[in-house]
Amino acid sequence: MWITALVSGIALGSFYSLIAMGFALIFGVTHAFNLAHGELVVLAGYVAYWVWKGWGLSLVLTFPVAVAALFCLCLILQRLFSLLREPLELNSIVMSFGLAILLQNGMLFAFSGDYRLIRAPVLTEGVHVNGLSLTYGQITLVVLSLVAIGLLHLLMHQTYLGKALRATIQDREGAALAGINVRVMGLVAFGIGALCIGLAGPLYGSIHYLYPTAGLQATLLAVTITIFAGVGRIRGLIVGGWLLGLVESAAVILLGSSWRELVSAVILIALLVFRPRGILGREEG
Amino acid sequence: MERAAPPKLDLRGPDRAIPVLLLLGLVLLPFLAGSSGYVLQVFTHALLLATLALAWNILGASGSVSLGHAAFFGVGAYGSGLLSLKPGLSPWFTIPVGGLFAAVLAVVMGLFCRRLRGAYFALATLAFVEIPRVVTDNWEGLTRGSLGLVGLPGLPALTLGPWRVEIGSSAGASYYLVLSYAVVVVFLVALLWESNLGLALQAAREEETAAKAVGIHVDRYRFLSLLLSACLTGISGAIYVHLTRYTVPGLVYSLHFSAVPMIFAMCGGRFTILGPALAALVLYPVDQFLFHPLLPAGHEFLYGLLLILVVLFMPGGFWGALRRSP
Amino acid sequence: MTLLQLEGLGKRFGEVWALRDLNFTLEEGEIVGLVGPNGAGKTTLFNLISGRIRANTGRIIFAGQDITELEPHEVCHLGIGRTFQSSRPFPRLTAVRNVLVGRVFGRGFRFWPRPDDLETAQELLDVVGLLHKAKTPAGSLTPSEHRRLDLARALATRPRLLLLDEVAAGFSPVAVKHAVGLVRRVQERGVTLFIIDHFLNLSLRVSDRLLALDQGEKVAEGPPPEVMRNREVIRAYLGLRQEDEDH
């Protein structure tokens with residue numbers, strides 16, 4: 001039973017990291033908290049569901065559609081966030097809170113509160129190794145998130161764009177003085193974020209049930225992992241995601257699934273109180 | 001730049017007309033509404049939301065944004081509900097006690113979140129709701145879990161000499177009770193901002209470092225404003241539960257009761273006294289009478305949209321902007 | 001009597017010592033100027049005294065009491081007031097209410113305002129020359145009016161010792177003359193003054209003594225003419241170090 005928990009914990013954790021990636025990048029570069037991040041993931045899931053159901057696209061084809069839709073949406077969001085005044089972090093939380101409510105109700109209107117699922121039977125099939133069963137869905141999650149993290153890490157450390165992004169994350173003013181266009185960096189961050197969200201959404205819709213109010217939990221998870229990893233640290237996102245996934249799986253076994261949300265909440269509060277700059281990251285000066 | 005005066009209940013000029021007229025209208029409402037019980041119900045709920053918005057703003061105007069006030073609402077609701085159900089105590093007693101339970105929860109929150117500011121405090125409050133919610137949901141022995149509490153006693157009767165009013169069974173009487181409570185809350189809030197505590201909270205909100213440098217114990221006063229805000233929210237929660245006579249965890253701890261009062265406070269005016277209440281009394285009926293019939297699912301998008309607009313274009317709220325103009 | 005004693009005071013930020021082993025005493029009734037180039041540790045010293053940051057080594061003794069570990073509001077209650085390098089008025093409060101805050105909370109907490117609180121606040125506004133702007137929101141005032149407001153607010157807390165951080169920075173000669181008058185008026189009220197003055201346009205004129213810092217260490221103390229003739233002080237201001245001279 002514990003091995004199953006380990007596996008599901010890592011798979012779940014990989015999924016969480018994917019969700020967190022977009023959030024962490026956007027927050028790191030623009031310092032805007034997007035509390036509607038989870039809603040965007042759910043929305044991407046709904047978009048995928050819609051084209052799957054309405055146009056008969058296969059699951060794989062829904063990914064590009066979802067990414068494209070989120071791309072457009074994120075561009076609009078970037079403009080909205082750029083209109084905010086100081087204090088940016090607080091104002092962005094409040095505004096995106098309003099956005100989350102707007103999106104939730106929008107999705108409620110468009111898709112009703114019924115639980116929706118993108119049926120892709122291949123994902124529930126799996127392999128059995130030494131009495132341990134792994135579904136293709138879980139394998140996809142782990143592989144996809146590792147690939148995404150790997151690519152992101154490559155981008156951030158081996159390309160000029162990545163260096164510019166990292167500079168902006170570390171010190172916006174300094175980066176601007178060094179000639180980096182921080183506004184464009186913000187756009188890039190939202191763009192990459194849209195990519196991550198667009199990938200996570202359809203996955204969410206095929207592995208979890210979609211319902212309009214699912215977003216907030218996802219956002220809190222993304223925030224938790226981001227704070228744990230420390231702003232701007234990419235590899236920490238995978239570690240954080242896995243840890244969170246494992247802790248949750250353990251909690252489900254020990255306490256039952258209804259205590260899951262309380263455990264996540266306590267972890268987030270503990271991180272906020274004791275280490276807002278991240279556990280893995282170094283303390284700033 | 002915001003208006004000079006501290007939030008004052010001293011209403012001069014056009015400021016005076018609107019709240020007074022509104023109060024008059026509210027007092028006369030049961031007679032104006034005639035036979036429509038629905039109108040009365042909507043405005044009763046609007047008044048309750050007004051008290052929630054006012055209570056939220058005690059913390060809001062001190063500079064802290066809470067996204068999880070439903071925690072206090074729910075604890076007050078369940079506290080009062082349970083005490084009135086099992087030991088069978090009178091709601092006159094259990095409603096204030098509900099407020100007390102909420103205050104105790106605020107003490108716990110305050111102890112952990114004392115040093116948190118701004119966005120991080122907001123996040124903590126958002127997560128914090130889960131704690132009482134999940135506990136309530138799972139402690140089935142005490143709270144019947146997700147089945148909720150049903151058959152709660154309604155608002156109790158009021159006996160003044162030979163005159164007895166069964167408030168619980170009369171929509172009109174319930175309405176006047178909630179209206180009176182709302183007026184009391186308005187005066188409490190006004191009193192707070194006139195006092196030195198209010199001055200300290202405003203100073204701490206404006207410039208925390210300078211406030212400390214002139215002798216204000218910022219952490220302690222913020223804590224006090226949290227307690228006050230939580231207590232009043234809990235009392236409102238208790239009243240709510242005796243109005244509807246039933247409750248489930250998913251309802252009283254829902255995002256609705258965290259978000260809507262906060263949105264009313266921000267739309268009305270974070271730096272005013274009446275703003276939150278006015279927003280509640282205008283927006284909630286508009287939502288219920290206009291948008292709800294049009295969009296039975298998703299009509300609350302209005303609140304989300306208004307919040308976005310207010311944050312971007314009108315941070316002082318509508319009433320705040322109105323009071324600024326000469 | 002000795003009002004303020006700094007014993008072996010040191011503060012480190014990461015690897016860098018902003019202030020190192022500082023020993024100094026301040027007598028009641030004095031005006032002492034704190035001078036030195038950028039990064040000398042002047043504002044760090046004020047932050048240590050007022051309780052904004054914790055010292056790594058040493059003690060701060062005020063009127064015989066060890067205040068090293070106290071919080072800013074406690075330090076204020078004991079009688080140390082301060083202004084800030086970039087002034088921090090309460091923008092949405094009127095000028096008079098800004099000063100009122102200092103008056104009401106400077107020595108503790110009272111729930112209800114008292115009638116003479118407002119009078120005192122107005123009187124202090126008059127001392128700094130801002131009475132005509134009493135009902136203006138502080139956010140609408142000019143930067144130099146902000147500095148004067150900060151001063152009035154700090155005075156309202158009834159300090160025995162007032163830490164003034166760059167109160168005359170960037171002032172024209174006329175404005176400096178007004179500032180000198182203001183400082184003397186404050187001294188007449190019985191307040192001991194410790195003034196940071198990077199540009200030296202104020203402290204040379206009003207100070208009884210100067211304390212000169214460079215890179216966190218005391219390089220000189222004494223009457224202004226003597227300190228300003230000190231070779232170390234001159235070198236520090238010109239940015240030269242001992243090593244440079246040996247080449």
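In this predicted model, the buried residues of H5(B) are Ala119(B), Tyr120(B), Phe121(B), Ala122(B), Leu123(B), Ala124(B), Thr125(B), Leu126(B), Ala127(B) and Phe128(B). The helix spans residues 118-128 of chain B and is mostly covered, with ten of its eleven residues buried.

The packing partners of these buried residues belong to two chains, A and B. From chain A come helix H4 (88-111), helix H10 (215-229) and helix H12 (260-274). Chain B itself contributes helix H3 (70-85), helix H4 (91-113) and helix H6 (130-138).

Chain B also touches chain C: 22 residues of chain B are in contact with 32 residues of chain C. On the chain C side, helix H2 (72-78) and helix H3 (95-105) each supply at least two residues. H3(C) provides the largest share of that side, five residues. The table sorts the side of chain C that touches chain B by residue class.

| Class | Residues of chain C touching chain B |
|---|---|
| Nonpolar | 14 residues |
| Polar | ten residues |

Chain C contains ten helices and ten strands. Its radius of gyration is 18 Å, close to the 18 Å that the globule rule gives for 247 residues, so chain C is as compact as a globular protein of that length. The C-alpha trace of chain C spans about 65 × 40 × 35 Å along its principal axes. Of the 247 residues in chain C, 47% are buried. Among contacts in chain C with a separation of 6 or more, 65% are between residues 24 or more positions apart.

Methods:
Residues numbered from 1 in each chain as written. Chains lettered and ligands numbered in written order. Predicted model: local features only at pLDDT ≥ 70, side-chain atom pairs only at ≥ 80, totals over all residues. Contact = placed C-beta atoms within 7 Å. Helix = DSSP H or I, 4+ residues; strand = E, 2+ residues; numbered from the N terminus. Nonpolar A, V, L, I, M, F, W, Y, C, P; charged D, E, K, R; others polar. Rg over C-alpha atoms; globule rule 2.2 N^0.38 Å. Buried ≥ 20, exposed ≤ 12 C-beta atoms within 10 Å, placed from the backbone.
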